[in-house]
Amino acid sequence: MPDWLAEATEQLTDVVGDQAAEWDLAGLLPVETLRTLGKQGLLCAEVPVEHGGIGARSADNGAFTAHVGSLCSSLRSVMTSQGMAAWTVQRLGDARQRREFLPRLTGGELTAVAFSEPGAGSDVTAMTTEIRRDGDAVVIDGGKTWTTAARYADLIVVFGRYGDGGGAVVVPADTPGVTIRPVPAPSGCRAAGHADVTLDSVRLPLGAVLGGGGQPLPLLVTTALAYGRMSVAWGCVGILRACLSAAGAHASGRRQFGLPLAEHQLVGRHLAELLAAEQVATRVCEHASRCWDDRSPEMVIATVLAKYVSSTEAARGAAAAVQVLASAGAQDGHVVARAYRDAKLMELIEGSTEICQIILARHAAAQASRREPA
Amino acid sequence: MNIGAEETVQRRILEFVEERTKADVAVDKDLFDSGLVNSMFAMELIVHLEQAFGIAILGEDLRLDNFRTVERMTSLVDRLREEPVAGHA
């Protein structure tokens, strides 16, 4: 384990302490804490050292993400957004934009990435947000929904239509015409700062469009989401670890009918399934991270697989943990109650379970298809 | 036949595309119009080209036109191999 990871793991355990329940109930994270972690580069640890980052490998950042996910999925969601913004700048931006924005993302500024719209969720081609060139500037009009971390963000990476293709623009949250309205009561990751973002004639210099824009929108979104999916997948490993630990402790400590709960076979089965889920999710994430670190083309499918397996296992595992703890865990703020709500949300975002299944099914069919002249 | 460096690049790209699409592909075939390639596979192609040829395909080079045919990808790789690596993220 690299030094940064050992130190950061210990630090996060201290920083979160026993406050995750309180943050969940209040629907708010302490912004100064986010800025402190941001300045240390911990919210987007894979940013290269030359841009002020830690330069973490995917596997190490994954282990860190799982740790944060085991403590607080809202904080982990903020990390996912910041990391996805950084990755988007890295991939879609030009050299000047990487030099300008990445040090800000590792310097304490907070970031969100805005994809979804009222009429464009899974179908990104239905996006109506428009980026229009006007001389040396661009003007952006549109409305984004459910933008994670937008409530805390200093910068928002906004995706939209641009010319014949798409574009991603780095929008300072205080630009005239930008309105951010927090989602009143999200069902999961309640403190992650989900917000709706309205852009009304938002004017920015041309240099705010990453890589000049005009690339195909689905390719832009697929590129950005790849990081988000990896981060969500590892976060779900954390959810499973928290559930396994809570259910294991409760089932071995509490006695009913003269025996520890764990000795009752129907309860024991929940523990066995939770253990298997945590291991399966960990291994599938480790494999995907290895593909990232090796820069293998398999990373594309391995990432979707990891997100799919890890989030569905987490949703099932969290339900089992609530079942084992019963009334002991059935109150808002409790670790398994949070896990239950947070894990379900993870099946919806960054490519729903069904979208992941469609991608995996197409991949399976393509791999098995017979070779014919095209 | 004169097998120069460019032809080797082209051959390697063609092998990857044919292996992944399970189809025989002409070097000037439009992969997107023929439905052989979607955005997931486009990303695999990008990662493959980066890894196989030690280049970084970033920003404005992510245009579909650069990946439309095996020939276009070959030109992209040739151009990026000549550029200094300072542009690496």
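**A colleague's note on helix α2(B) and its surroundings**

1. Let's start with helix α2 of chain B, residues 39–53: its 15 residues reach 21 Å from the first C-alpha to the last, close to the 21 Å expected at 1.5 Å a residue. That expected span is 1.5 Å times one less than the number of residues. Helices (H or I, at least four residues) and strands (E, at least two) are DSSP runs, numbered from the N terminus.

2. A word on ground rules: this is a predicted model, in which local features need pLDDT of at least 70, side-chain atom pairs count only at pLDDT 80 or more, and totals for chains, interfaces and linings use all residues. Residues are numbered from 1 along each chain as its sequence is written, while chains are lettered from A and ligands numbered from 1 in the order in which they are written.

3. Among the buried residues are B:Met40, B:Phe41, B:Glu44 and B:His48.

4. The partners come from both chains: the buried residues of α2(B) pack against α7 (217–253), α9 (299–325) and α11 (353–368) of chain A, along with α1 (5–21) and α3 (70–82) of chain B. Contact here is taken as C-beta atoms, placed from the backbone, within 7 Å. Just after α2(B), B:Gly54 has a positive phi of about 65 degrees.

5. Turning to the core, the largest nonpolar one has 148 residues, and A:Cys243 and A:Ala318 are among those with the most contacts inside it. Such a core is a set of buried Ala, Val, Leu, Ile, Met, Phe, Trp, Tyr and Cys residues joined through C-beta atoms within 7 Å. Helix α7(A) gives the most to this core, with 22 residues. Beyond its neighbours within four places in sequence, A:Cys243 touches residues including A:Leu274, A:Gly317 and A:Val336.

6. Chain A has eleven helices and ten strands, and 55% of its 374 residues are buried. Residues 24 or more positions apart make up 75% of its contacts with a separation of 6 or more.

7. On confidence, the mean pLDDT (the predictor's confidence in each residue, from 0 to 100) of chain B is 86, and 89% of its residues reach 70 or more. The model scores ipTM 0.86 and pTM 0.95.

Note on methods:
Buried ≥ 20, exposed ≤ 12 C-beta atoms within 10 Å, placed from the backbone. Contact = placed C-beta atoms within 7 Å.
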